[in-house]
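Hi,

Here is the structure I promised to send over. Have a look at it first, and my notes follow below.

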Amino acid sequence: MKDLKEEEFFEDMGDGHIPSHFDTPLRADAFDMSEDEKIEKIKGDFYNIMHTLGLDMDDDSLKGTPSRVAKMFVKEIFGGLNPGRKPRMSTFDNKYKYNQMLVEKDIIVYSTCEHHFLPIVGRAHIGYISNGRVIGLSKMNRIVEYYAKRPQVQERLTMQIVKSMQEALGTEDVACVIDAKHLCVNSRGIKDIESSTVTAELGGHFKTDPTTRAEFLKYIDMNTRFNV
Ligand SMILES: [Zn+2]
């Protein structure tokens, strides 16, 4: 009985998307297996899920699915679990002494909810104030992509992006806002197709100085999309 209660507790916690902590919960032996070994194992595991659901695994349309899903999990949508895939965060001297705010907005986010294994789709906006170092613009897209390719919780994704940018740039003055739709909310359960979730992680002056924060939020709000 106690076990059932505990199971229900954690099911409810996940359904409410309550994060436990802010590092991706990985075991110490997470990378003992090679990617190819993981693909082989997941192929069998996913075959069993489909088989248990009653699907005819000899059907030509379904035969290839376990191996396709296994490759997609390991190399694509959960590829960011592997620290070997972290993009190099090289920074450069800020030669022009541009020490104002730089905002990279509307970075497309494709991630996966760790509670339901359904997609999270949205946009990330990142701002920073250089203290002498700058980072290539596309690196910000890559860092979002890297952390998004994990089973995720939106709050954690937002924090991981900010933390890695702070480390690379050597400044606390980094902020990130993510606005995303969770398909586990939009397509099942409560089936609210309109709602989206906004998370913000504000570091340094973005947190302590209301003017800096307001400036950042104003840029995010500006309609800068090209209508082509
Ligand atoms: Zn979910």
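Predicted model: local features only at pLDDT ≥ 70, side-chain atom pairs only at ≥ 80, totals over all residues.

Residues are numbered from 1 along each chain as its sequence is written, and side-chain values use heavy atoms, with hydrogens and water left out.

Back to Gln166, which sits in helix 6 (residues 154-169). Helices here are DSSP runs of H or I with at least four residues, strands are runs of E with at least two, and both are numbered from the N terminus. Gln166 is buried, at 15% relative accessible area; buried means under 20%, exposed over 50%, and partly exposed in between, with a 1.4 Å probe and protein chains only. Leaving aside residues up to four places away in sequence, Gln166 touches Thr171, Glu172, Val174 and Gly203, where contact means heavy atoms within 4.5 Å.

Now the whole chain. The protein chain has nine helices and seven strands, and its C-alpha trace spans about 65 × 45 × 35 Å along the principal axes. Of its 228 residues, 35% count as buried. Among contacts with a separation of 6 or more, 68% come from residues 24 or more positions apart. The accessible surface is about 14100 Å², and carbon and sulfur atoms hold 54% of that (Shrake-Rupley method, 1.4 Å probe; for residues, only the protein chains shown count as cover).

How many salt bridges are there? The count is nine, taking a salt bridge as a side-chain nitrogen of Lys or Arg within 4 Å of a carboxyl oxygen of Asp or Glu. One of them pairs Lys75 with Glu35, with the closest N and O atoms 3.6 Å apart. That pair links distant parts of the chain, with Lys75 in helix 4 (residues 65-77) and Glu35 in helix 2 (residues 35-52), 40 residues apart. Glu35 and Lys75 also belong to a salt-bridge network with Arg85.

Asp45 and Lys41 form a salt bridge at 3.2 Å, and both lie in helix 2, four residues apart, about one turn of the helix. Arg123 and Asp106 meet in another at 3.9 Å. Here too distant parts are linked: Arg123 is in strand 3 (residues 119-129) and Asp106 in strand 2, 17 residues apart. Arg123 is partly exposed at 28%, whereas Asp106 is buried at 19%.

On the surface, Ile108, Tyr110, Val121 and Leu183 make a nonpolar patch with about 360 Å² of accessible area together. Patches take residues with over 30% relative accessible area and no salt bridge, joining like charges within 9 Å and nonpolar side chains (Val, Leu, Ile, Met, Phe, Trp, Tyr) within 5 Å. Ile108 lies in strand 2 (residues 101-113) and is partly exposed at 44%.

Finally, the cysteines. There are zero disulfides, a disulfide being a pair of cysteine sulfur atoms within 2.5 Å. Cys113 is buried at 1%, and Cys184 is buried at 2%.

Cheers
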